[in-house]
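Dear colleague,

Please find below a structure that I am handing over to you. I would be grateful if you could look through it before reading the notes that come after it.

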Amino acid sequence: GSDALNDALSSPLDDATWLSIATALGTAFDEYSASLATADIAFENCAITCNEGTVDTTTCTCNGCSSSLGCCPSDTTDPDSDSTGETTRLHSVLFVLSFVAAIICTPCL
């Protein structure tokens, strides 16, 4: 395909290598997502305020809201960041992985 994946590389990779990388990233994403779904995640300091609904301090989420906007915290802090920023980092990593996979796989479609 006509992609720009090799533009910054001194040794270009062939399409099969890029496809292998995309497949590995997709598999890693799926496995990590599955492990998060079954993980016992605990928050030491759940300090969110729900606009409506109730706070579940175990998962540090708002429940029983009429819409996602109804659940959003009313302050200006990042609702996706806990005290250590782990959630924000996770979202950033997952975004980058999905972006790379989309770029790599687009020519394959």
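The notes below describe what was found, beginning with the chain as a whole.

This is a predicted model, in which local features need pLDDT of at least 70 and side-chain atom pairs count only at pLDDT 80 or more, while totals for chains, interfaces and linings use all residues. Residues are numbered from 1 along each chain as its sequence is written, and side-chain values use heavy atoms, with hydrogens and water left out.

Overall organisation

The chain contains three helices and two strands; helices (H or I, at least four residues) and strands (E, at least two) are DSSP runs, numbered from the N terminus. Their order along the sequence is α-β-β-α-α. Of the 109 residues in the chain, 11% are buried. Here buried means under 20% relative accessible area, exposed means over 50%, and partly exposed lies in between (1.4 Å probe, protein chains only). The accessible surface of the chain is about 7,800 Å², and carbon and sulfur atoms account for 59% of this surface. Such areas come from the Shrake-Rupley method with a 1.4 Å probe, and for residues only the protein chains shown count as cover. Taking the contacts between residues at least 6 apart in sequence, 26% join residues at least 24 apart, where a contact means heavy atoms within 4.5 Å.

Confidence

The predictor's confidence in each residue is given by pLDDT, from 0 to 100. Its average over the chain is 74, and 63% of the residues score at least 70. Among the elements, H1 has the highest mean pLDDT (88), whereas helix H3 (residues 86–105) has the lowest (65). Over residues 75–85 pLDDT stays under 50, and the model has nine contacts beyond four places in sequence for this stretch.

Disulfides

A disulfide is a covalent bond between the sulfur atoms of two cysteines. In this model it is identified as a pair of cysteine sulfur atoms within 2.5 Å, and by this rule there are two disulfides.

One of them joins cysteine 46 to cysteine 60, with an S to S distance of 2.3 Å. This link is right-handed, with 95° about the S-S bond. The pair links distant parts of the chain, 14 residues apart: cysteine 46 lies in the loop between helix H1 (15–38) and strand S1 (54–56), and cysteine 60 in the loop between S1 and S2. Cysteine 46 counts as partly exposed because its relative accessibility is 22%, whereas cysteine 60, at 17%, counts as buried.

The other joins cysteine 50 to cysteine 62, with an S to S distance of 1.9 Å. The link of cysteine 50 and cysteine 62 is left-handed, with -100° about the S-S bond. This pair also links distant parts of the chain: cysteine 50 is in the loop between H1 and S1, and cysteine 62 is in strand S2, twelve residues apart. Cysteine 50 counts as buried because its relative accessibility is 14%. Cysteine 62 is buried as well, with a relative accessible area of 17%.

The loop between S2 and H2

Cysteine 65 is found in the loop between S2 and H2. Its C-alpha is 8.6 Å from that of cysteine 50, which is 15 residues away in sequence. Leaving aside neighbours within four places in sequence, cysteine 65 is in contact with Glu52, Gly53, Gly70 and Cys71.

Serine 67 also belongs to the loop between strand S2 (61–63) and helix H2 (68–71). Serine 67 counts as partly exposed because its relative accessibility is 37%. From serine 67 to glycine 53, 14 residues apart in sequence, the C-alpha to C-alpha distance is 9.9 Å.

The segment before H1

Leucine 13 is located in the segment before H1. At 29% relative accessibility, this leucine 13 counts as partly exposed. Not counting residues up to four places away in sequence, leucine 13 touches Asn6, Trp18 and Ile21.

With kind regards
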